[in-house]
Amino acid sequence: MNGQTGATAPAPIRKEPRLLKWLIIPLVVVLIAIGAFLVWRSRSISVTYARYGASYPLSPKQLMRITPQSLKKLDQEQVDQIYARLTAGPIPDGAYDGDLFFPKGASGQKRLGEIVGGLKGVAADLELTKLTLLGEALWKGKVFYRDQRVLRNRISDVNLFKDFFPDPADQQELQAAKEHPTPENQYFPAKLYCGQSLLDSRRESVIIDYAFTDELPGYRRIPDNLAGREGLIVRDEIRMVRPGFYLGRAYMGGTFILNFTLYNKAVADQGSSAFLNNVKLPEDCWVGY
């Protein structure tokens, strides 16, 4: 054996190529990031938001990308920034489909829940959810009578207001309204005029004022007085996003409560092309300096 053992020397361990491994992992990460960015970009509104207190103009192309559905995804500061950069546009005429949404904070919670906080905040959010469902079930939009400077609301079923009228006499009057509805189920008449925005006083908004609803033609004490000066003292204001599409703010007793949108597809289809080509629409209200 010449001093050597009979054991065979172990075979050398083969090393896997590491260069390919270190190239594949970063490539996969980059591809995932690019895919996520493209998905996010396709679902986002192409609007540049300013620092608080600053402002950027919005182009017709940006405004055309805003929809009633996309506005619901924004927090209230973003909604306010968009509203503050709009003008009132022409006072609408005819029927508009409506939708509503309550203000949210930066956290995604409804703002009332953020203010109250804790368990009370959760309870407040639940109440707002009920109000949202009630509003969506009741309110279908608004009908503008431009020449008369009057507006009326499209209501699906006035009987859903019964919880607001506990008095038996009022209940009977509400039942009578249900059995003999107004033409096209239009209730809550309001005065229509240009006036100062409660959010942005630099230019006017179209004001929808229910304070003197009892002075308007077609007024019914029940349920119409709910919105008037003896009820919730409702005051709305709207500005035009683009033809056929308005963003609104609803106040009760001077306190901001919720956002709403109004949309008329026929008006939108007719006016969108000219709007994109920077054709100026008539302004019925003061646009500021």
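Reader: Where is the place of Arg85?

Author: In this predicted model, where local features need pLDDT of at least 70, side-chain atom pairs count only at pLDDT 80 or more, and totals for chains, interfaces and linings use all residues, Arg85 sits in the loop between helix 4 (76-84) and strand 1 (94-101), helices (H or I, at least four residues) and strands (E, at least two) being DSSP runs numbered from the N terminus. Residues are numbered from 1 along each chain as its sequence is written, and side-chain values use heavy atoms, with hydrogens and water left out.

Reader: How do you know that Arg85 has no salt bridge?

Author: A salt bridge requires a side-chain nitrogen of Lys or Arg within 4 Å of a carboxyl oxygen of Asp or Glu, whereas the nearest side chain of opposite charge to Arg85, that of Glu77, is 8.0 Å away. The side chain of Arg85 does reach the backbone oxygen of Gln81, at 3.1 Å.

Reader: What makes Cys194 and Cys285 a disulfide?

Author: Their sulfur atoms are 1.9 Å apart, and a disulfide is a pair of cysteine sulfur atoms within 2.5 Å, so the pair qualifies. The structure holds one disulfide.

Reader: Why is the disulfide of Cys194 and Cys285 called left-handed?

Author: It is called so because the torsion about the S-S bond is about -75°.

How values were computed
Buried < 20%, exposed > 50% of the residue type's maximum accessible area, 1.4 Å probe, protein only. Lys, Arg positive; Asp, Glu negative; His and termini not counted. Polar contact = N/O pair within 3.5 Å; in protein donor to acceptor, adjacent residues only side chain to side chain.
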